[in-house]
Amino acid sequence: MNTFSNGLLNEQAFALTVNGRNLLSVLMLPDLKEEFARGYLVTEAIVAADEIESVMLDGSTIGVLTRDPLKVLLPKRSVVSGCGGTASYLDPARLPVISGGITLPKDLLAVQFPQNILTAGGFCAAAVLSDGTSITAEDLSQPTAIDKACGSLLRTGHKPTDAALIISGKPTADTIRKTLNAGFSILAGYLPPTVLAVKLADSGNLTIVEVPHKKIHTHPERIR
(Lines give C-alpha, C1' and ligand atoms only; values in the text may rest on other atoms or scores of the structure.)
Protein backbone atom coordinates (compact mmCIF):
# COMPACT_ATOMS: atom_id res chain seq x y z
CA MET A 1 0.00 0.00 0.00
CA ASN A 2 1.05 3.59 -0.52
CA THR A 3 2.53 5.67 2.28
CA PHE A 4 1.19 8.80 0.57
CA SER A 5 -2.19 9.51 -1.07
CA ASN A 6 -2.57 12.74 -3.04
CA GLY A 7 0.60 14.00 -1.41
CA LEU A 8 -0.66 13.38 2.14
CA LEU A 9 0.31 10.69 4.62
CA ASN A 10 -2.14 7.81 4.17
CA GLU A 11 -3.50 7.32 7.71
CA GLN A 12 -5.66 4.21 8.12
CA ALA A 13 -7.33 2.34 10.98
CA PHE A 14 -6.30 -1.21 11.88
CA ALA A 15 -7.30 -3.68 14.58
CA LEU A 16 -4.77 -5.93 16.29
CA THR A 17 -6.11 -9.20 17.67
CA VAL A 18 -4.24 -11.83 19.66
CA ASN A 19 -5.63 -15.36 19.80
CA GLY A 20 -8.95 -14.08 18.47
CA ARG A 21 -9.33 -11.34 21.08
CA ASN A 22 -9.27 -7.64 20.25
CA LEU A 23 -6.15 -6.06 21.75
CA LEU A 24 -5.71 -2.70 20.08
CA SER A 25 -7.11 -0.28 17.52
CA VAL A 26 -4.45 1.86 15.90
CA LEU A 27 -4.24 4.62 13.30
CA MET A 28 -1.08 4.21 11.26
CA LEU A 29 0.42 4.04 7.79
CA PRO A 30 -0.65 0.92 5.89
CA ASP A 31 2.79 -0.62 5.36
CA LEU A 32 4.63 -3.15 7.56
CA LYS A 33 1.49 -4.37 9.31
CA GLU A 34 2.94 -7.71 10.37
CA GLU A 35 6.11 -5.99 11.51
CA PHE A 36 4.05 -3.56 13.58
CA ALA A 37 2.25 -6.42 15.32
CA ARG A 38 5.44 -8.26 16.20
CA GLY A 39 7.19 -5.09 17.34
CA TYR A 40 4.26 -3.76 19.36
CA LEU A 41 3.83 -6.99 21.30
CA VAL A 42 7.53 -7.03 22.18
CA THR A 43 8.05 -3.32 22.98
CA GLU A 44 4.94 -3.35 25.16
CA ALA A 45 6.14 -6.51 26.97
CA ILE A 46 2.92 -8.33 26.09
CA VAL A 47 4.45 -11.31 24.28
CA ALA A 48 8.05 -12.40 23.85
CA ALA A 49 9.19 -12.62 20.23
CA ASP A 50 9.61 -16.40 20.34
CA GLU A 51 6.06 -16.85 21.68
CA ILE A 52 4.50 -15.54 18.45
CA GLU A 53 3.34 -18.48 16.34
CA SER A 54 1.99 -16.63 13.29
CA VAL A 55 0.61 -13.32 12.02
CA MET A 56 -2.31 -13.19 9.59
CA LEU A 57 -3.51 -10.16 7.62
CA ASP A 58 -7.20 -9.84 6.75
CA GLY A 59 -8.11 -6.41 5.43
CA SER A 60 -7.86 -3.99 8.32
CA THR A 61 -7.34 -6.76 10.90
CA ILE A 62 -3.93 -8.00 11.98
CA GLY A 63 -4.37 -11.34 13.71
CA VAL A 64 -1.65 -12.85 15.89
CA LEU A 65 -1.59 -16.41 17.21
CA THR A 66 0.71 -17.29 20.09
CA ARG A 67 2.11 -20.64 21.14
CA ASP A 68 -0.25 -20.61 24.13
CA PRO A 69 -3.62 -19.62 22.59
CA LEU A 70 -5.46 -19.96 25.92
CA LYS A 71 -3.39 -17.32 27.66
CA VAL A 72 -5.24 -14.02 28.06
CA LEU A 73 -2.96 -11.14 27.06
CA LEU A 74 -3.58 -7.51 27.90
CA PRO A 75 -1.71 -4.29 27.10
CA LYS A 76 0.71 -3.18 29.83
CA ARG A 77 1.22 0.38 28.64
CA SER A 78 2.21 2.47 31.62
CA VAL A 79 3.02 5.91 30.20
CA VAL A 80 2.37 7.98 27.11
CA SER A 81 4.48 11.10 26.65
CA GLY A 82 3.85 13.58 23.89
CA CYS A 83 1.55 11.32 21.90
CA GLY A 84 -1.86 11.72 23.55
CA GLY A 85 -3.92 8.90 25.01
CA THR A 86 -4.26 7.83 28.60
CA ALA A 87 -1.39 7.72 31.06
CA SER A 88 -0.90 6.02 34.37
CA TYR A 89 1.91 5.98 36.89
CA LEU A 90 5.27 4.84 35.53
CA ASP A 91 7.19 2.70 37.99
CA PRO A 92 10.89 2.74 37.04
CA ALA A 93 11.48 -0.23 39.33
CA ARG A 94 9.40 -2.41 37.01
CA LEU A 95 11.34 -1.55 33.87
CA PRO A 96 13.94 -4.01 32.58
CA VAL A 97 17.64 -3.36 33.15
CA ILE A 98 19.87 -4.03 30.16
CA SER A 99 22.65 -6.55 30.72
CA GLY A 100 25.71 -6.31 28.51
CA GLY A 101 24.85 -4.85 25.11
CA ILE A 102 26.68 -4.04 21.90
CA THR A 103 29.28 -1.39 21.09
CA LEU A 104 29.09 0.80 17.99
CA PRO A 105 31.09 3.62 16.41
CA LYS A 106 29.35 7.00 16.46
CA ASP A 107 29.26 7.14 12.67
CA LEU A 108 26.81 4.22 12.43
CA LEU A 109 24.24 6.19 14.45
CA ALA A 110 23.80 8.85 11.74
CA VAL A 111 21.02 7.20 9.73
CA GLN A 112 19.62 8.94 6.64
CA PHE A 113 15.84 8.92 7.11
CA PRO A 114 13.37 9.60 4.24
CA GLN A 115 13.09 13.38 4.03
CA ASN A 116 9.59 13.25 2.51
CA ILE A 117 8.27 11.49 5.64
CA LEU A 118 9.87 14.00 7.98
CA THR A 119 8.69 16.96 5.91
CA ALA A 120 5.12 15.62 6.03
CA GLY A 121 5.30 15.46 9.84
CA GLY A 122 5.92 11.74 10.19
CA PHE A 123 8.50 9.94 12.32
CA CYS A 124 11.20 7.43 11.46
CA ALA A 125 13.07 4.72 13.33
CA ALA A 126 15.86 2.34 12.44
CA ALA A 127 17.48 -0.73 13.92
CA VAL A 128 21.22 -0.68 13.17
CA LEU A 129 23.36 -3.81 13.46
CA SER A 130 27.05 -3.80 14.31
CA ASP A 131 27.97 -4.52 10.67
CA GLY A 132 26.26 -1.28 9.60
CA THR A 133 23.06 -2.89 8.30
CA SER A 134 20.13 -0.50 8.85
CA ILE A 135 16.48 -1.55 8.92
CA THR A 136 14.22 1.51 8.76
CA ALA A 137 10.52 2.17 9.25
CA GLU A 138 8.31 5.23 9.44
CA ASP A 139 4.86 6.14 10.68
CA LEU A 140 2.59 8.85 12.05
CA SER A 141 3.99 8.63 15.57
CA GLN A 142 7.38 7.82 17.01
CA PRO A 143 6.13 4.84 19.07
CA THR A 144 4.56 3.16 16.03
CA ALA A 145 7.68 3.76 13.95
CA ILE A 146 9.67 2.10 16.74
CA ASP A 147 7.29 -0.87 16.75
CA LYS A 148 7.68 -1.31 12.99
CA ALA A 149 11.47 -1.03 13.10
CA CYS A 150 11.65 -3.56 15.94
CA GLY A 151 9.27 -5.93 14.16
CA SER A 152 11.22 -5.61 10.91
CA LEU A 153 14.38 -6.54 12.78
CA LEU A 154 12.69 -9.59 14.28
CA ARG A 155 11.39 -10.72 10.87
CA THR A 156 14.94 -10.79 9.54
CA GLY A 157 15.91 -13.23 12.28
CA HIS A 158 17.83 -10.73 14.39
CA LYS A 159 17.26 -9.67 18.00
CA PRO A 160 17.08 -6.15 19.46
CA THR A 161 19.97 -7.12 21.73
CA ASP A 162 22.13 -7.22 18.57
CA ALA A 163 21.19 -3.71 17.39
CA ALA A 164 20.95 -0.04 18.27
CA LEU A 165 17.68 1.87 17.91
CA ILE A 166 17.81 5.22 16.10
CA ILE A 167 14.81 7.58 16.09
CA SER A 168 14.14 10.79 14.21
CA GLY A 169 12.53 12.49 17.20
CA LYS A 170 13.06 13.03 20.93
CA PRO A 171 13.72 10.21 23.41
CA THR A 172 10.96 10.43 26.01
CA ALA A 173 10.02 8.27 28.98
CA ASP A 174 7.70 6.26 26.75
CA THR A 175 10.49 5.75 24.22
CA ILE A 176 12.80 4.50 26.96
CA ARG A 177 10.15 2.09 28.23
CA LYS A 178 9.65 0.55 24.78
CA THR A 179 13.39 0.42 24.12
CA LEU A 180 14.12 -1.35 27.41
CA ASN A 181 11.23 -3.79 26.93
CA ALA A 182 12.57 -4.74 23.49
CA GLY A 183 16.14 -5.18 24.76
CA PHE A 184 18.04 -2.55 22.76
CA SER A 185 21.12 -1.33 24.63
CA ILE A 186 21.67 1.87 22.60
CA LEU A 187 19.08 4.53 21.73
CA ALA A 188 20.07 7.47 19.54
CA GLY A 189 17.76 10.39 18.77
CA TYR A 190 17.93 13.38 16.46
CA LEU A 191 16.45 15.63 19.15
CA PRO A 192 17.60 16.04 22.79
CA PRO A 193 16.08 13.61 25.32
CA THR A 194 13.84 14.69 28.19
CA VAL A 195 15.14 14.80 31.75
CA LEU A 196 12.99 11.81 32.73
CA ALA A 197 14.19 9.86 29.68
CA VAL A 198 17.81 10.32 30.77
CA LYS A 199 16.98 9.29 34.34
CA LEU A 200 15.17 6.11 33.23
CA ALA A 201 17.88 5.24 30.71
CA ASP A 202 20.59 5.63 33.34
CA SER A 203 18.82 3.34 35.79
CA GLY A 204 18.02 0.85 33.02
CA ASN A 205 21.65 0.67 31.82
CA LEU A 206 20.65 2.09 28.43
CA THR A 207 22.96 4.29 26.36
CA ILE A 208 21.38 7.49 24.99
CA VAL A 209 23.11 9.43 22.23
CA GLU A 210 22.06 12.79 20.79
CA VAL A 211 22.99 12.28 17.13
CA PRO A 212 23.48 15.83 15.75
CA HIS A 213 25.91 16.82 18.51
CA LYS A 214 27.29 13.31 19.08
CA LYS A 215 26.53 13.87 22.75
CA ILE A 216 26.33 10.78 24.95
CA HIS A 217 23.95 11.27 27.88
CA THR A 218 24.20 7.88 29.60
CA HIS A 219 26.51 4.84 29.63
CA PRO A 220 29.13 6.02 27.12
CA GLU A 221 31.09 2.77 27.28
CA ARG A 222 29.11 1.34 24.34
CA ILE A 223 30.09 4.10 21.91
CA ARG A 224 33.54 4.17 20.36
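Residues are numbered from 1 along each chain as its sequence is written. Because the model is predicted, local features need pLDDT of at least 70 and side-chain atom pairs count only at pLDDT 80 or more, while totals for chains, interfaces and linings use all residues, and side-chain values use heavy atoms, with hydrogens and water left out.

Let's start with helix 1, residues 33–43; helices here are DSSP runs of H or I with at least four residues, and strands are E runs of at least two, numbered from the N terminus. How many of its residues are buried? The count is 11 of 11, where buried means under 20% relative accessible area with a 1.4 Å probe and protein chains only. Their cover includes strand 3 (12–18), strand 4 (21–28), helix 3 (142–155) and helix 4. After the helix comes Ala45, with a positive phi near 55°.

Now the packing. The axes of helix 1 and helix 4, lines fitted to C-alpha atoms over the stretch in contact, come within 7 Å and cross at roughly 95°. The two are therefore roughly perpendicular, a label for angles of 65 to 115 degrees. Tyr40, Val42 and Thr43 of helix 1 meet Arg177, Lys178, Asn181 and Ala182 of helix 4, with contact meaning heavy atoms within 4.5 Å.

Finally, Ser168 sits in the loop between strand 9 (163–167) and helix 4 (173–182). Ser168 is buried, at 12% relative accessible area, and its side chain reaches the backbone nitrogen of Cys124 at 2.9 Å. Beyond four places in sequence, the contacts of Ser168 include Phe113, Gln142 and Tyr190.

Note on methods
Buried means under 20% relative accessible area, exposed over 50%, partly exposed in between (1.4 Å probe, protein chains only). A polar contact is a pair of N or O atoms within 3.5 Å; within protein, one must be able to donate a hydrogen and the other to accept it, and residues adjacent in sequence count only if both atoms are side-chain atoms. Axes are lines fitted to C-alpha atoms, for helices over the stretch in contact, and angles run from 0 to 180 degrees between N-to-C directions. Angles under 35 degrees count as roughly parallel, over 145 as roughly antiparallel, 65 to 115 as roughly perpendicular and the rest as oblique.
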